[in-house]
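Please open the structure in your viewer and keep the selection tool at hand.

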Amino acid sequence: MADPTNHNQAGEVAPSTVDQQAPSVAEEHAPSTDSPEATDIPTANTPDPKAANPEDNPNAAKPAAASPKREKSAAAKAAKGEKAAADATEEKPAAAKAAKKEKAPSVEDKPFVEFIEQDYLPALQKAIAQKGVQDLQVSFAKQKMPITGFESAEECWQIIGSWSEIGKRQFNLYFPDEDIQGKKGFSCNEGKKPSTLESFLIDERKTTLDLLVYGLVQRLDGQKWLGRN
């Protein structure tokens, strides 16, 4: 006996299970009629958005635009690099200029004997001549002090100056430390052996060529040996 569920009353063939499910599947993936929407049903004709050329395919993914923050950061780094390069370029001429401006060694930095012979004696002779003394004789030697009571003292460097004017005038400038910044002494006489050793320029912190010349000229002037004295 035939199964009545397989046939309609009019003798038509009943739809299969596949036919029954097809409308539901189609409805599930079909777009709404209210507004156009993209379906998730894959098709063979749609190119891969990532692989497609954006010039040929309008659906191709476009490269993301650079973030404004990243652009500012990159610009700031570039500006910083340019500034550092400019500063480095400026530092080189500045360093060379500073090296040129370094003060040259002064005459006072010369070795003691070299300074006295090359710089002090010529300057002293010139200064005393300007005061009216024309026959000044100056020597520089290491010898005993010609002062009473110092016969047993060690030899020391001294400048001896003399000229013949109202008798024989002589002065001695002593450097017992062999250093213009060290102790200095002075003595003078007119034809007799000196008996007094004076300190010379003891209150000055630093002795210079000009100070040595000025100090001795002033001391001789105070002795009334220069000019109209």
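A residue is called buried when its relative accessible area is under 20%, exposed when it is over 50%, and partly exposed in between, with a 1.4 Å probe and protein chains only. The model is predicted, and local features need pLDDT of at least 70, side-chain atom pairs count only at pLDDT 80 or more, while totals for chains, interfaces and linings use all residues. Residues are numbered from 1 along each chain as its sequence is written, and side-chain values use heavy atoms, with hydrogens and water left out.

**The whole chain**

Begin with the chain, which has 4 helices and 5 strands; here helices (H or I, at least four residues) and strands (E, at least two) are DSSP runs, numbered from the N terminus. Read from the N terminus on, these elements follow the order α-α-α-β-β-β-β-β-α. Of the 229 residues in the chain, 24% are buried.

**Helix H3**

Select H3, residues 112-129, and look along its length. H3 has 18 residues and reaches 24 Å from its first C-alpha to its last, close to the expected 26 Å, where the expected span is 1.5 Å times one less than the number of residues. At Tyr120 in H3 there is a kink of about 40°, shortly before the proline Pro122; the bend at a residue is the angle between axes fitted to the seven residues ending there and the seven starting there. The buried residues of H3, among them Phe115, Ile116, Leu124 and Ile128, pack against S1, S2, S3 and H4.

**The nonpolar core**

Now show the side chains of the largest nonpolar core, which has 32 residues. Such a core is a set of buried Ala, Val, Leu, Ile, Met, Phe, Trp, Tyr and Cys residues joined through side-chain atoms within 4.5 Å. In soluble globular proteins, nonpolar side chains tend to be buried together. H3 gives the most to this core, with 8 residues. Ile116 is among the residues with the most contacts inside the core; leaving aside its neighbours within four places in sequence, Ile116 is in contact (heavy atoms within 4.5 Å) with Leu121, Pro122, Phe140, Ile159, Phe175 and Ile180.

**Helix H4**

Because 14 residues at 1.5 Å a residue should span 20 Å, the 20 Å between the end C-alpha atoms of H4 agrees with expectation. The buried residues of H4, including Leu212, Leu216 and Leu220, pack against H3, S2, S3 and S4. Lys224, which follows H4, has a positive phi near 65°.

**Arg169**

Is Arg169 buried or exposed? Arg169, found in strand S3, counts as buried because its relative accessibility is 5%. The side chain of Arg169 reaches the backbone oxygen of Trp225 at 3.2 Å, a polar contact, that is, a pair of N or O atoms within 3.5 Å in which, within protein, one must be able to donate a hydrogen and the other to accept it, and residues adjacent in sequence count only if both atoms are side-chain atoms.

**Ser195**

Finish at Ser195, in the loop between S4 and strand S5. Ser195 counts as exposed because its relative accessibility is 57%. Not counting residues up to four places away in sequence, Ser195 touches Ile147 and Thr148. Ser195 and Gly149 are 46 residues apart in sequence, and their C-alpha atoms are 7.8 Å apart in space.
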